[in-house]
Amino acid sequence: MSIIEKAVNKATPPGAVGADIGPGAGSGPADGGSLIEKAFDKEQAVSDQRHEPVPAPEPEAAESAPARQQSISLARLKRVGMITPADERSQMAEEFRLIKRPLLANAFGQGGAPIDKGNMIMVTSALPGEGKTFCAINLAISIAMEMDRTVLLVDADVAKPRIPDYLGLEVEKGLLDVLRDDHLTLADVLIRTDVEKLTILPAGRTYRRATELLASEAMDSLISEISQRYPDRLVIFDSPPLLSTTESSVLATHMGQIVMVVEAERTPQEALKEALAQIESCEVVGMLLNKATPLPGANYYGYYYGGYGS
Ligand SMILES: Nc1ncnc2c1ncn2[C@@H]1O[C@H](COP(=O)(O)OP(=O)(O)O)[C@@H](O)[C@H]1O
Ligand SMILES: [Mg+2]
């Protein structure tokens, strides 16, 4: 048994997730970050919208209606290997279908009792660059696209928020602003997107003590508010690396489920062990082996090993 499996056996009850996903389905290089930074200008984004129409979102209840709506750059998503609504049969889409099933079952009790706060899911990893943001976005899009579930994607990596870059969103205020300013509410900063059922809570304007705010009482009550106000919504938190800062382990105490991203052939076993030790407060921890390359001749989906653990 590998050290990963041992660690998971310790940390994971039945029904937890476990899956491998490979590099971006041939549609983008593994260092897509530079692509994201360099990629399209606004004109391109406008042209994407023109050529790739998406259905108009349904109106939400007034109480939770975000103030703004923006278009996600679908061409940009495709370029870095992400799932897009037009790509429902892609390899990446298939992989995330497998990953989301146990998460949804745990959250909403399909085929068993729902777990406590199961709709609050943090995507994290030991180190930077292992694919947390990539996987959090793919998971969110995958669920919003196919399931009858509304997804709130929270950019909780306040020191290095990357979700707006990936999605091509222009962001002003967000989580940090709500935490600092009593006059702002969640609804003031949420961004609706043209992927129906997907709403984004951006990190907001960063500042010197930004990371401390994530571990503050204000954050505690904001998370409780989110969890109570949207019990039927899946809330996915993109987070900072566990071994660089302490915020992720504090965030973990509020989560019902954690997806631990492990980068194939790169995440050191010791780092993973240390990272798992920091999220012991959460009972349901699943592993997602990211950027895995299939063996020659192997059926790609043979790589999936779901529900390991006890
Ligand atoms: N499965 C994948 N296929 C292709 N590229 C990926 C994959 N996962 C991550 N990447 C790329 O790896 C880089 C780091 O990913 P990112 O999600 O930003 O890491 P983190 O959030 O853990 O710091 C980005 O350029 C991203 O596009
Ligand atoms: Mg990230």
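A residue is taken as buried if 20 or more other C-beta atoms lie within 10 Å of its own. I note at the outset that the model is predicted.

**Entry 1: helix α13**

I applied that cut-off to helix α13, residues 269-278, and found Leu272, Ala275 and Leu276 buried. The three cover an arc of only 100° around the axis, so they sit on the same side of α13.

**Entry 2: the chain as a whole**

I looked up the totals next. The chain has 13 helices and 9 strands. Of its 310 residues, 44% are buried. I then checked the contacts with a separation of 6 or more, and 81% of them join residues 24 or more positions apart.

**Entry 3: the nonpolar core**

I went to the largest nonpolar core, which has 75 residues. Ile121, Ala140, Leu153 and Ile236 have the most contacts inside this core. Helix α6 supplies the largest share of the core, 9 residues.

Not counting residues up to four places away in sequence, Leu153 touches Ala136, Ile137, Ala140, Ile163, Leu198, Ile200 and Ile236. Two of these partners, Ala140 and Ile236, are named with Leu153 among the residues with the most contacts in the core.

**Entry 4: α5 against α6**

I asked at what angle α5 and α6 pack. For α5 (residues 91-108) and α6 (residues 132-146) I get about 85°, with the axes 9 Å apart. Angles of 65 to 115 degrees count as roughly perpendicular, and α5 and α6 are therefore roughly perpendicular to each other.

I listed the residues that meet. On the α5 side they are Met92, Ala93, Phe96, Arg97, Ile99 and Lys100. On the α6 side they are Asn138, Leu139, Ser142 and Ile143. By class, this contact holds 6 nonpolar, 2 polar and 2 charged residues.

**Entry 5: Gly131**

I looked at the loop between β3 (120-125) and α6, where Gly131 is placed. Gly131 has 24 C-beta neighbours inside 10 Å and so counts as buried. Which residues is Gly131 in contact with, leaving aside neighbours within four places in sequence? I find Val261, Glu263, Asn290 and Lys291. For Asn290 I also took the C-alpha to C-alpha distance to Gly131, which is 6.9 Å across a sequence gap of 159 residues.

I noted two residues other than glycine with a positive phi. Lys117 has phi near 55° and is placed in the loop between α5 and β3. Glu265 has phi near 60° and lies in the loop between β8 (257-263) and α13.

Are these two buried, partly exposed or exposed? Lys117 counts as partly exposed because it has 19 C-beta neighbours inside 10 Å. Glu265 has 9 such neighbours and therefore counts as exposed.

**Entry 6: Leu213**

I finished with Leu213 in helix α10, residues 210-214. Leu213 has 20 other C-beta atoms within 10 Å and is therefore buried. Leaving aside neighbours within four places in sequence, I find Leu213 in contact with Leu176, Leu179, Arg180, Ala218 and Met219. I also checked Leu175, which is 38 residues from Leu213 in sequence and 9.7 Å away in space, C-alpha to C-alpha.

Notes: Residues are numbered from 1 along each chain as its sequence is written. Chains are lettered from A and ligands numbered from 1 in the order in which they are written. This is a predicted model: local features need pLDDT of at least 70, side-chain atom pairs count only at pLDDT 80 or more; totals for chains, interfaces and linings use all residues. Axes are lines fitted to C-alpha atoms, for helices over the stretch in contact, and angles run from 0 to 180 degrees between N-to-C directions. Helices (H or I, at least four residues) and strands (E, at least two) are DSSP runs, numbered from the N terminus. Angles under 35 degrees count as roughly parallel, over 145 as roughly antiparallel, 65 to 115 as roughly perpendicular and the rest as oblique. Two residues are in contact if their C-beta atoms, placed from the backbone, lie within 7 Å. Ala, Val, Leu, Ile, Met, Phe, Trp, Tyr, Cys and Pro count as nonpolar, Asp, Glu, Lys and Arg as charged, and the others, Gly among them, as polar. A residue is buried if 20 or more other C-beta atoms lie within 10 Å of its own, exposed if 12 or fewer, and partly exposed in between; C-beta atoms are placed from the backbone. The arc is that of the directions from the helix axis to the C-beta atoms. A nonpolar core is a set of buried Ala, Val, Leu, Ile, Met, Phe, Trp, Tyr and Cys residues joined through C-beta atoms within 7 Å.
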